[in-house]
Amino acid sequence: MHKNQTMAAAHLDATYLQNLQSLYWDFNGTFHLSKFDDFDHTAIDELNEIKATTLAPPWLPKGPDKGKVPKELPQFDSNLVTNVTVQLGENAFLRCRVRNLGEHKVMWIRRRDWHILTSGTTTYTTDERYEVVHPEGAEEWHLVIRYVQKRDNGTYECQVPTGAGKMSHYFNLHVMVPAAFILGSGEYHIGEGSTISLVCIIENSPVPPQYVMWYHNGRMINYDTVRGGVTVSTEPGPKTHSRLVVNSATHGDSGNYTCRASNTEEDTIYVSVSNEGDNTAAIQGQGTSFTSRVAGLPFPFSVLMACLSAWRTTLSAS
């Protein structure tokens with residue numbers, strides 16, 4: 001570079017350069033103005049050569065590699081699902097894909113307590129339910145959580161530490177907890193010799209349960225062959241319905257009846273079997289609370305249950 005050209009470049013202040021940029025648009029984000037033949041851009045180009053050697057960005061290579069184009073940085077695949085919903089007890093898969101990883105490592109971090117779960121293919125937790133799946137040579141670094149529990153609900157971070165900082169991609173895990181509830185109030189009164197009929201509904205269960213279990217005072221009665229007269233019928237679906245029928249009720253059938261399915265929060269109702277003379281008042285008292293429980297059910301099921309309650313009250317009063 002000639003001495004007079006160097007001095008000319010050195011005397012160009014920042015204000016003058018900004019004024020030039022406001023008159024001519026930048027070419028692909030640079031200061032090159034060679035597109036304009038009627039402008040003497042020699043000094044501007046030489047000034048940029050000086051700035052490139054003295055004000056290089058921190059991510060440019062230093063030392064012997066100075067001036068070389070840096071390798072492409074890692075990049076997350078943003079097309080993958082980041083909101084994952086899993087039913088309690090199932091396996092959760094948080095799928096993270098990183099391109100251009102190079103020599104960097106992928107880490108999985110649980111955000112609620114900042115616990116590092118994995119780094120590379122190594123697991124850093126005593127909870128054996130956590131595992132990272134990475135086929136050799138692939139871009140996938142999937143976190144697997146087996147038999148998810150309620151406490152697993154929350155945000156997880158797929159992180160790649162680099163020399164210039166960290167890169168992160170976040171995943172939200174929603175754990176759905178199925179719940180059972182028995183139609184009726186907390187107590188169910190019936191006369192001796194009548195039929196006990198209880199209906200249990202399983203909610204928040206994307207995968208219908210294979211079995212719904214009924215218990216009387218802690219003892220399962222689905223297949224009760226000792227007493228006899230006990231039947232259970234279940235209709236799986238978005239809201240699984242299970243009906244328990246106990247014929248010819250006696251005082252021995254009084255007690256707590258519980259409905260439960262796999263990985264489901266249970267519900268319990270107390271059944272009182274009284275003398276037949278108390279049957280009318282007991283059923284009438286039960287009818288009001290029964291109607292209050294079905295009010296929140298979807299139409300037309302709520303209407304059907306309300307009609308059934310009214311029919312029972314009318315029948316008992318006749």
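1. In this predicted model, four strands form an open sheet in the order E12-E14-E18-E17, and their pairing is antiparallel. The edge positions are taken by strand E12 (179-182) and strand E17 (230-235). Each of these two has a single partner strand, so one side of each is left without a neighbour in the sheet. On average, neighbouring strands of this sheet are turned by 20 degrees against each other, direction ignored.

2. A separate point concerns Arg-112, which sits in the loop between strand E5 (107-110) and strand E6 (115-119).

3. The side chain of Arg-112 reaches the backbone oxygen of Arg-151 at 3.3 Å. Asn-153 lies 41 residues from Arg-112 in sequence, with a C-alpha to C-alpha distance of 9.3 Å.

4. For the protein as a whole, the secondary structure comprises five helices and 20 strands. Of the contacts with a separation of 6 or more, 60% are between residues 24 or more positions apart.

5. The protein has 318 residues, and 37% of them are buried. Its accessible surface comes to about 18800 Å². Carbon and sulfur atoms account for 54% of that surface.

Notes: Residues are numbered from 1 along each chain as its sequence is written. This is a predicted model: local features need pLDDT of at least 70, side-chain atom pairs count only at pLDDT 80 or more; totals for chains, interfaces and linings use all residues. Side-chain values use heavy atoms; hydrogens and water are left out. Buried means under 20% relative accessible area, exposed over 50%, partly exposed in between (1.4 Å probe, protein chains only). Contact means heavy atoms within 4.5 Å. Accessible areas come from the Shrake-Rupley method with a 1.4 Å probe; for residues, only the protein chains shown count as cover. A polar contact is a pair of N or O atoms within 3.5 Å; within protein, one must be able to donate a hydrogen and the other to accept it, and residues adjacent in sequence count only if both atoms are side-chain atoms. Two strands pair if DSSP finds at least two bridges between them. Axes are lines fitted to C-alpha atoms, for helices over the stretch in contact, and angles run from 0 to 180 degrees between N-to-C directions.
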